[in-house]
Amino acid sequence: MILVLHAGAGFYPPSDESRVKASLKRACIHALQECSLGSAEDVVAGAIAHLEDDESLNAGTGSNLTYEGSVECDASIMTGTGEFGGVGAVKGIKNPIRLAHQLLRDSRVRDPIGRSPPLTLVSTGAEKYAASSSVTLTDETSMITPKAREVWQSWREKRALALANDQIESVPFDNVDPQDTVGAIAMSSDLSVAAGSSSGGILLKQSGRLGPAAVFGSACWAQDDEGLALACRNGEKIIRESFAREIGRSIGKLGDGDVHETLERLFQNTERELA
């Protein structure tokens with residue numbers, strides 16, 4: 001089994017580097033131990049769940065707060081055969097990736113009257129679905145950490161001051177505080193792949209905002225036929241471009257071509273189109 005994790009491409013102070021690396025290492029070790037006989041998707045879900053439990057990362061407990069001051073999470077998981085499960089803007093779900101994985105697994109059960117299973121569930125619908133499953137529920141306020149509350153309060157005050165003075169903040173908050181998703185990709189011994197992503201979303205987001213971590217083809221992508229899996233960072237630009245899917249398809253067409261050149265071209269094209 002091969003497992004690769006990331007803790008986001010957002011800003012982390014240099015002093016946090018060792019802490020973030022230690023968190024990624026723990027998640028890798030625990031996920032591989034717990035799912036030693038499992039599939040790539042089991043390992044991905046297990047690893048991301050460990051990252052969601054780390055209060056210092058922007059996923060699960062410790063996530064960025066909405067403008068109203070609550071935790072709303074997005075998560076998704078995809079297998080190399082094209083199966084997908086995503087949940088968005090959910091509250092009180094300890095590990096959103098577990099709920100996304102449950103949705104994916106339930107989609108394999110044939111409905112007695114042929115209803116199509118959902119790819120993504122959001123908000124109260126996803127929360128009701130969680131209540132009928134084995135996914136762990138929690139008091140949503142328990143997922144709010146002192147650090148997240150402190151950062152939220154600081155930027156609420158800065159925004160209020162800027163509005164009062166009819167000014168634009170000179171240092172955007174997404175360059176100051178951690179903003180990004182976490183993600184994982186895995187390949188099993190039979191070369192099956194899976195990818196997943198989880199996020200608390202951007203700081204001060206509108207309540208009900210659906211982030212890329214819940215959207216098909218945006219934050220994660222997996223293709224068994226190419227032995228390819230990837231998990232991307234967050235942002236509205238990612239949704240508009242179905243970015244993970246486009247990267248996967250472009251790399252899949254490369255053959256022996258240069259992956260780095262292809263990635264650079266895609267990044268540049270995205271920036272030009274959305275500028």
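The legends below describe several close-up views of one predicted protein model.

Residues are numbered from 1 along each chain as its sequence is written. In this predicted model, local features need pLDDT of at least 70, side-chain atom pairs count only at pLDDT 80 or more, and totals for chains, interfaces and linings use all residues, while side-chain values use heavy atoms, with hydrogens and water left out.

**Figure 1. Overview of the protein.** The protein contains eight helices and eight strands; these are DSSP runs numbered from the N terminus, with helices being H or I of at least four residues and strands being E of at least two. Of its 275 residues, 47% are buried. Buried means under 20% relative accessible area, exposed means over 50%, and partly exposed lies in between, with a 1.4 Å probe and protein chains only. Among contacts between residues at least 6 apart in sequence, 68% join residues at least 24 apart, where contact means heavy atoms within 4.5 Å.

**Figure 2. The annotated residue T181.** The UniProt annotation "active site", from an unreviewed entry, covers T181. UniProt positions are given in the numbering used here, feature names are shortened, and annotations may be inferred rather than shown by experiment. T181 is found in the loop between α5 (146-164) and β5 (182-187). Because its relative accessible area is 0%, T181 is buried. The side chains of T181 and S197 are joined by a polar contact of 2.9 Å. A polar contact is a pair of N or O atoms within 3.5 Å; within protein, one must be able to donate a hydrogen and the other to accept it, and residues adjacent in sequence count only if both atoms are side-chain atoms.

**Figure 3. The packing of helices α1 and α2.** Two packed helices are described by the angle between their axes and the distance between the axes. The axes of α1 (residues 17-34) and α2 (residues 40-52) come within 8 Å and cross at roughly 140°. Axes are lines fitted to C-alpha atoms, for helices over the stretch in contact, and angles run from 0 to 180 degrees between N-to-C directions. The two helices α1 and α2 are therefore oblique to each other. Angles under 35 degrees count as roughly parallel, over 145 as roughly antiparallel, 65 to 115 as roughly perpendicular and the rest as oblique. Residues of α1 including S23, L24 and A27 meet residues of α2 including V43, G46 and A47.

Figure 4. Among the buried residues are P96, I97, L99 and A100. What covers the buried residues of α3 includes α2, β2 (73-79), β3 (84-90), β4 (120-122), α4 (123-131) and β6 (193-199). With α2, helix α3 packs at an angle of about 155°, the axes being 8 Å apart; α2 and α3 are therefore roughly antiparallel to each other. Residues including E41, D42 and A45 in α2 meet residues of α3 including P96, I97 and R98.

**Figure 5. C73 in strand β2.** C73 lies in strand β2 and, at 0% relative accessibility, counts as buried. Not counting residues up to four places away in sequence, C73 touches G60, S63, V87, G88, A89, V90, P96, M143, S199 and G200. From C-alpha to C-alpha, C73 and I93 are 8.2 Å apart in space, and they are 20 residues apart in sequence.

Figure 6. N58 has its place in the loop between α2 and β2 and counts as buried at 2% relative accessibility. A polar atom of the N58 side chain lies 3.1 Å from the backbone oxygen of G201. D111 lies in the loop between α3 and β4 and is buried, with a relative accessible area of 18%. The side chain of D111 reaches the backbone nitrogen of I113 at 2.9 Å.

Figure 7. L191 is not a glycine, although its phi is positive at about 70°. L191 lies in the loop between β5 and β6 and counts as exposed at 53% relative accessibility. L204, also not a glycine, has a positive phi of about 65°. The place of L204 is in the loop between β6 and β7 (220-223), and at 14% relative accessibility L204 counts as buried.
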